[in-house]
Amino acid sequence: LAFALEGSRTLRLGQRPSPDLLLVSLSATDAVGHRYGPDSREIHDQVLRLDRWLGWFLDSLATKVPRSRTLVVLTADHGVQSYPERVPGKGRVWLGDLERRGWQFGSGLISADTAAIAASGVRVDSLATALSGEVSRRRGIARVFTPATLAAAPPSDTLAMLWRNSIPPGHGWLIAAAIEPGFVWSPHDVSSAEHGSTAPLDLTVPIVFAGPGIGNAVISRRVRTVDIAPTLAELLGVRPRERLDGEPLGEIVTGR
């Protein structure tokens, strides 16, 4: 934050006629959360310290840029699961034992060089189906998709849509799995809190807007982090040059 403050002063951000955008990523909370978990005294202490540091940063920034000309948006890139060992019947799920040459596992997805697999004479769809059957029998697995079953899933299938939005076009993969609530993707010999699954606790984050013309309110409807950029564009009168994933938040742009 000290580095960001010094940079903003050096570049004279917020002191020119056109708007400036300053992005600051604070990663220490992530490290503390992984090491000690979201239920710990350590993360409680970290969040209190973070609150004070943010207060110092915004107060210091206000000495150069008036609060009447500053809009603050605060969010997070993900949530986190508690230690599964804290809850009876929960645990850690890992598919690293299924890795082979040309296959790689990460956060529920087994990526693969499908072109090389096919060139070796192996039917990729049959291999994916066999892997799906093996993984679906493991404890903590809720659903398993292959490229064929994911493509056939209806838009109402929430888990399928999460994976469909996550896998880039052209990416080679064999299976994509979702775990049951309370489980985490993690090796069994690792003791840490984790994220990276399709579980609601991993996906749910706050989004806070604070600035001139924004009243005090708590909005409970479902919004997304990708709504931040189009909301800022709408406030600034900027017309995006391509289609955006998000939508402007009416509560912010119209003051509702």
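Ring pairs join Trp 94, Phe 105 and Trp 185 into a cluster, and that cluster is what I'd like to walk you through. A quick word on the basis: this is a predicted model, where local features need pLDDT of at least 70, side-chain atom pairs count only at pLDDT 80 or more, and totals for chains, interfaces and linings use all residues. Residues are numbered from 1 along each chain as its sequence is written, and side-chain values use heavy atoms, with hydrogens and water left out.

So, how many aromatic pairs does the structure hold? Two. Rings of Phe, Tyr and Trp (its six-membered ring) pair if their centres lie within 6.5 Å; planes under 30 degrees apart count as stacked, over 60 as edge-to-face and the rest as tilted.

Take Trp 94 and Phe 105: the ring centres are 5.0 Å apart and the planes sit at 90°, so this pair is edge-to-face. Trp 94 is in the loop between strand S2 (92–93) and strand S3 (103–106), while Phe 105 is in strand S3, so the pair ties together parts 11 residues apart in sequence. Strands here are DSSP runs (E, at least two residues), numbered from the N terminus.

Now the other pair. Phe 105 and Trp 185 have ring centres 5.5 Å apart and planes at 65°, so they are edge-to-face. Trp 185 belongs to strand S7 (residues 184–185) and Phe 105 to strand S3, so this pair ties together parts 80 residues apart in sequence.

Buried or exposed? Phe 105 is buried, and so is Trp 185, with buried meaning under 20% relative accessible area, exposed over 50%, and partly exposed in between (1.4 Å probe, protein chains only). Phe 105 has 8%, whereas Trp 94 is partly exposed at 32%.

Notes
Helices (H or I, at least four residues) and strands (E, at least two) are DSSP runs, numbered from the N terminus.
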